[in-house]
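Trainee: I'd like to learn how to read the sheets, the helix packing and the ligand site here. Can we take them in turn?

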Amino acid sequence: MEVLIRDTPLEGAEVAAKVVRKKILEKPHPTLGLATGGTPLKMYQELIRMHNEEGLSFQHCTTFNLDEYVGLPPDNGQSYHYYMKNNLFDHIDLPSDKYHLPDGNADNLRQSCKDYERKIKDVGGIDLQVLGIGANGHIGFNEPTGSFASRTWIKILSEQTIRDNSKYFGPTEKVPYHVVTMGIATIMEAKHCLLIANGAKKADAVRKMIEGAVSASCPASILQMHPRVTVVLDEEAAYLLSAKDHYKWVEANKLDWQKY
Ligand code: GLP
């Protein structure tokens, strides 16, 4: 894994946005996998800035989001459809028929999960998958002990994730228990994964992901088996890593073409 440690979440967001920009400029028709949650927000703001001020275009991109709640209409303020439009899609030049999210309202959820996998395959797979990480080590909504071979499917959230995500919901709103998420196997097929984590709350999951045993108890640890992963951390999320100095030394000695 390539581990990039920055003093602040904002500096992390800036380097993460550069990773995305590099991928967009590298390929004529890049496919991006996108994530929601609090973590990627600053990176999306930086991408919007690059679009407005530097002419970064998303016109030839296709995107697939990781996950969505079941039963929230797309115009519900807590749905990931709403989040993506509000925080990214409405501010860039990505054509509206080029972005995809799992449909948490499909009449036939199981069929729509299969269709989602097929759509990803039809465009040749995901070039860069953006990821956050749950405090329990989940990626997408793949909770601990779920299968590493899983594909896009309907999942039930753990009580910890429901508690963690309740901060985004109003006091009278209920966090849905059911979600549709890309599976671990779907994520592992992305050609490059970019995982961002900030804050001390994520430090234990980050340590297990990078330096712990590969185990379904920490779903993100499977990324150790992926050929190309970039992890962007702030100092707080990195504070439990035992090889922190090594990761910094490696980054300081990168060749020019390896830098972002
Ligand atoms: C959520 C999302 C994940 C996200 C993670 C962390 O439940 N399904 O994709 O990465 O949990 O969220 P946050 O960035 O808000 O801490």
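Mentor: Start with pairing: two strands pair if DSSP finds at least two bridges between them. Helices (H or I, at least four residues) and strands (E, at least two) are DSSP runs, numbered from the N terminus. This is a predicted model, in which local features need pLDDT of at least 70 and side-chain atom pairs count only at pLDDT 80 or more, while totals for chains, interfaces and linings use all residues. Residues are numbered from 1 along each chain as its sequence is written, and side-chain values use heavy atoms, with hydrogens and water left out.

Trainee: Which residue stands opposite Gly33 in E6?

Mentor: Gln129. Strand E2 (residues 31–34) and strand E6 (residues 128–131) pair in the parallel sense over two bridges.

Trainee: What is the strand order in the open sheet of seven strands?

Mentor: In general, strands of a sheet pair through backbone hydrogen bonds, either parallel or antiparallel. Here the order is E1-E10-E9-E6-E2-E3-E5, with parallel pairing. Strand E1 (2–6) and strand E5 (99–100) are at the edges, each with a single partner strand, so one side of each has no neighbour in the sheet. H4 packs on this sheet, touching strand E3 (62–65) and E5; contact means heavy atoms within 4.5 Å. The direction of H4 makes about 150° with that of E3. For such values, axes are lines fitted to C-alpha atoms, for helices over the stretch in contact, and angles run from 0 to 180 degrees between N-to-C directions.

Trainee: How many bridges join E7 to E8?

Mentor: Four, with E8 covering residues 178–181. Ile156 stands opposite His178, and Lys155 has Val179 as its bridge partner. On the other pairing, E4 and E8 share three bridges, again antiparallel, and Asp67 is partnered by Thr181.

Trainee: At what angle do the axes of H2 and H3 cross?

Mentor: Two packed helices are described by the angle between their axes and the distance between the axes. In this model the axes of H2 (residues 41–54) and H3 (residues 80–87) come within 10 Å and cross at roughly 40°. That makes H2 oblique to H3: angles under 35 degrees count as roughly parallel, over 145 as roughly antiparallel, 65 to 115 as roughly perpendicular and the rest as oblique. Leu41, Tyr44 and Ile48 of H2 meet Tyr83, Met84 and Asn87 of H3.

Trainee: Last, the ligand. Which residues come nearest?

Mentor: A residue is near a molecule or strand if one of its heavy atoms lies within 4 Å of it. Of the 13 residues around the ligand, Gly38, Thr39, Asp67, Tyr168 and Lys202 come nearest.

Trainee: How far is a polar side-chain atom of Tyr168 from an oxygen atom of the ligand?

Mentor: That distance is 2.4 Å. A polar side-chain atom of His138 lies 3.0 Å from a ligand oxygen, and a backbone N or O atom of Gly38 lies 2.8 Å from one. The protein covers 94% of the 390 Å² of accessible area that the ligand has on its own; accessible areas come from the Shrake-Rupley method with a 1.4 Å probe, and for residues only the protein chains shown count as cover.

Technical notes: Polar contact = N/O pair within 3.5 Å; in protein donor to acceptor, adjacent residues only side chain to side chain.
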